[in-house]
Amino acid sequence: MAAKCAFCSEDAVEHGGEHIWDDWLNRALPVKKFRVRQQRSPVEPFREYPARVLKEKLPVVCENCNNTWMSDVTNQVKQSFAELIISGASVCLLPTGVGLLAAFAFMKSVVADHAANRDEPFYTRAVRERFRQTRIIPPNVQMWVGAYQGVQRYSGKCISFYPTPDQPGPLYGVEFFGFTYVVGQLVLQTHAARWIDVRLRGLPLPPLRPDQYWNAAVSRFWPSDGVPIAWPPEKYIGDDTIQKFMERFNVPIHIRDGS
C-alpha cells in the first residue's frame with residue numbers, strides 16, 4: 001500500500017517529493033560547495049557529506065500539495081527572506097513575516113517528522129490537514145530563530161529529536177519533538193510537546209524554560225506576541241555550538257517554576 005501524503009489523503013510520491021533545502025537556493029547561492037548534516041530518523045546515524053547541489057528530497061507528500069500551497073509558502077519565503085538566508089542581511093521581523101516564517105518552519109518540521117518512519121507521526125492527521133487548509137499551527141508548538149556562521153559558509157542541517165522523560169516528575173507522560181533546520185545563515189528550531197496518553201491531550205502541558213545560555217543567540221518568535229524581532233541576534237551559532245543547540249531540548253528538560 002502506498003504511503004499517504006503528510007498533509008492530505010492522497011498517496012505520496014514514490015520518488016522525489018519535498019526538497020529539504022529548496023531548489024531556488026541552487027540558483028541563488030554564490031558558491032556551489034555545501035556541507036550537509038542530516039538525520040532522517042532518531043534510529044539512523046547522522047549523515048554528513050559535501051555537496052555541490054542541494055537536491056535532497058523526501059517522498060512524503062503528494063504532487064498536488066508539493067506543487068500548490070507548499071510551493072506558495074516556499075516562494076513567499078524566497079521573496080521575503082532570500083537576502084537573510086544568503087548574505088545574513090539584517091531585518092526586522094514584523095508580525096506578517098513572523099507568521100510566514102512560522103508556517104515555513106512548521107511545514108518543514110511536519111515533513112521531517114513524517115520521514116522519520118515512526119509507528120505514528122508526532123503531529124496527528126487532523127493537525128496536519130488543518131494546517132494545509134488554514135495554516136493554523138497547533139498551540140503546543142514553540143519556535144526560535146537564530147543565525148549561523150561556520151567554516152562552511154553555506155551549510156544545510158536537518159535534525160530531529162524525540163526526547164521522552166522516563167523518570168517520574170512533572171514531565172513524565174509527555175513526549176517531545178524537536179526539529180532544527182539550518183539553511184545558509186538562517187537557523188530555525190521547532191519544539192512541540194504532547195501527552196503520550198491520548199485521553200490527556202486536552203489538558204494543559206507544562207511550559208518549558210530553555211536554558212538562558214541561548215538567549216543571546218536565538219529569539220523565540222512563535223507563538224508571536226506581536227512585537228517585532230531584530231535579526232541577526234547578538235551572538236551567532238557556529239560549528240562549535242550547533243550540536244549543543246540542536247540537542248538543547250533533549251532530556252532532562254526544564255519546566256518553569258511558576259514565578
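**Exercise 1. State what share of the protein chain is buried, and describe its make-up.**

Solution. Of the 259 residues in the protein chain, 51% are buried, meaning under 20% relative accessible area with a 1.4 Å probe, protein chains only. The model is predicted: local features need pLDDT of at least 70 and side-chain atom pairs count only at pLDDT 80 or more, while totals for chains, interfaces and linings use all residues. Residues are numbered from 1 along each chain as its sequence is written, and side-chain values use heavy atoms, with hydrogens and water left out.

Next, the secondary structure: the protein chain has six helices and eleven strands. These are DSSP runs numbered from the N terminus, with at least four residues for helices (H or I) and at least two for strands (E).

**Exercise 2. Describe the packing of H4 against H5.**

Solution. Two packed helices are described by the angle and the distance between their axes. The axes of H4 (residues 95–115) and H5 (residues 125–134) come within 12 Å and cross at roughly 145°; axes are lines fitted to C-alpha atoms over the stretch in contact, and angles run from 0 to 180 degrees between N-to-C directions.

Now list the contacts, defined as heavy atoms within 4.5 Å. From H4, Ala 103, Phe 106, Met 107, Val 110 and His 114 meet Val 127, Arg 128 and Phe 131 of H5. The residues of this contact divide into six nonpolar, one polar and one charged.

**Exercise 3. Show how strand E6 is enclosed, and which strands pair with E6.**

Solution. Begin with burial: seven of the seven residues of E6 (residues 141–147) are buried, so the strand is largely enclosed by the rest of the structure. In a regular strand the side chains alternate between the two faces of the sheet. On one side of E6, Val 141, Met 143, Val 145 and Ala 147 are buried, as are Gln 142, Trp 144 and Gly 146 on the other.

Then take the pairing, which requires at least two DSSP bridges between two strands. E6 runs antiparallel to E9 (residues 186–195), joined by seven bridges, and Val 145 has Leu 188 as its bridge partner there. E6 also pairs with E10 (residues 218–222) in the antiparallel sense over four bridges, where Met 143 stands opposite Trp 222.

Conventions:
Ala, Val, Leu, Ile, Met, Phe, Trp, Tyr, Cys and Pro count as nonpolar, Asp, Glu, Lys and Arg as charged, and the others, Gly among them, as polar. Buried means under 20% relative accessible area, exposed over 50%, partly exposed in between (1.4 Å probe, protein chains only).
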